[in-house]
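The structure is shown first.

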Amino acid sequence: MEPGERLMEMQLAQKLGVSRTPIREAIRKLELEGLVIMIPRKGAEVAHITEKDMRDVLEVRCTLEELAVALACKNVTPERIMDLRAANKSAIVSKDVVNIVDADVQFHDTIYAMTDNDRLIQIINKLREQMYRYRLEYVKDARTHSILINEHNDIIQKLADKDVEGAKMFMRQHIRNQEKGIIRLLHK
C-alpha cells in the first residue's frame, strides 16, 4: 500500500469515526466500478467521465429500463401511478439538483418495484452508483429539468394505459436524451 493511500484512508476513517477497513473496502469497490482511480503516492481520485464509459452504462441501463417498464405495465396499480406522480412532482417543485436527481431515482425505483422481479432489481442496483453519476451530470443543466418532467409524464401515461410498446419507446427516449445531454456537456 502506498503512503498516500494509507494517509487518505486514515484521514477518512478518522473523519467518519470508523476503522480503515471499511474505508479501504469502499474505495476498492468504487475503483472496481470505475468511479475512482488510484494514483500512486497520492491516493484515490474521482474518475473522469468519458463518453465511452457513459455510453456503455446507459446502453445497459436503457435495455434494463425497457424491460422494467414492460414488466411494470403488467403490475401497475392506481397507487403506483400516484407514487410516480408524487416523485415527478417532487422534481418539479425542487430547484436543487440533488433533490431533482433523488426524485428521479425515486421515480425509477417505483417502476422497478412494479416489475416484481428481484433479479432485475438486483442487476439495476449494481449499476446504481454509475447511473446516479450520469443523472447528476445531466440535471446540472437547468434546461433538462422540464424535459425530464415531460418524459416522466409520458412514461406515467403509458404505464397507466398498460401500453408496453409506448412505455418502452418513451423510456428509450428518456435515456437517449440523457445520453445526448451528457455528451453535450462533455464537449463543452
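## Lys 162

Lys 162 has a relative accessibility of 48%, so this residue counts as partly exposed; the cut-off for exposed is over 50%, and for buried under 20%. The model is a predicted one.

Lys 162 sits in the loop that lies between H8 and H9. Its phi is near 60°, which is positive although the residue is not glycine. Most residues other than glycine have a negative phi.

## Asp 116

A positive phi is also found at Asp 116, again a residue other than glycine, with a value near 55°. Asp 116 follows H5 and belongs to the loop between H5 and H6. With 64% relative accessibility, Asp 116 counts as exposed, because exposed means over 50%.

Helix H5 covers residues 97-115, which is 19 residues. At 1.5 Å a residue, the helix should span 27 Å, and the C-alpha atoms at its ends are 28 Å apart, so the two values agree.

At the start of H5, Asp 96 places a side-chain oxygen within 3.3 Å of the backbone nitrogen of Val 98.

## Helix H5: buried residues

Which residues of H5 are buried? They are Ile 100, Val 101, Ala 103, Asp 104, Val 105, Phe 107, His 108, Thr 110, Ile 111, Tyr 112, Met 114 and Thr 115.

The buried residues of H5 pack against several helices: H3 (51-75), H4 (78-93), H6 (118-126), H7 (128-139), H8 (144-160) and H9 (164-186).

Terms used: Residues numbered from 1 in each chain as written. Predicted model: local features only at pLDDT ≥ 70, side-chain atom pairs only at ≥ 80, totals over all residues. Heavy atoms only, no water. Helix = DSSP H or I, 4+ residues; strand = E, 2+ residues; numbered from the N terminus. Expected span 1.5 Å × (residues − 1). Buried < 20%, exposed > 50% of the residue type's maximum accessible area, 1.4 Å probe, protein only. Contact = heavy atoms within 4.5 Å. Polar contact = N/O pair within 3.5 Å; in protein donor to acceptor, adjacent residues only side chain to side chain.
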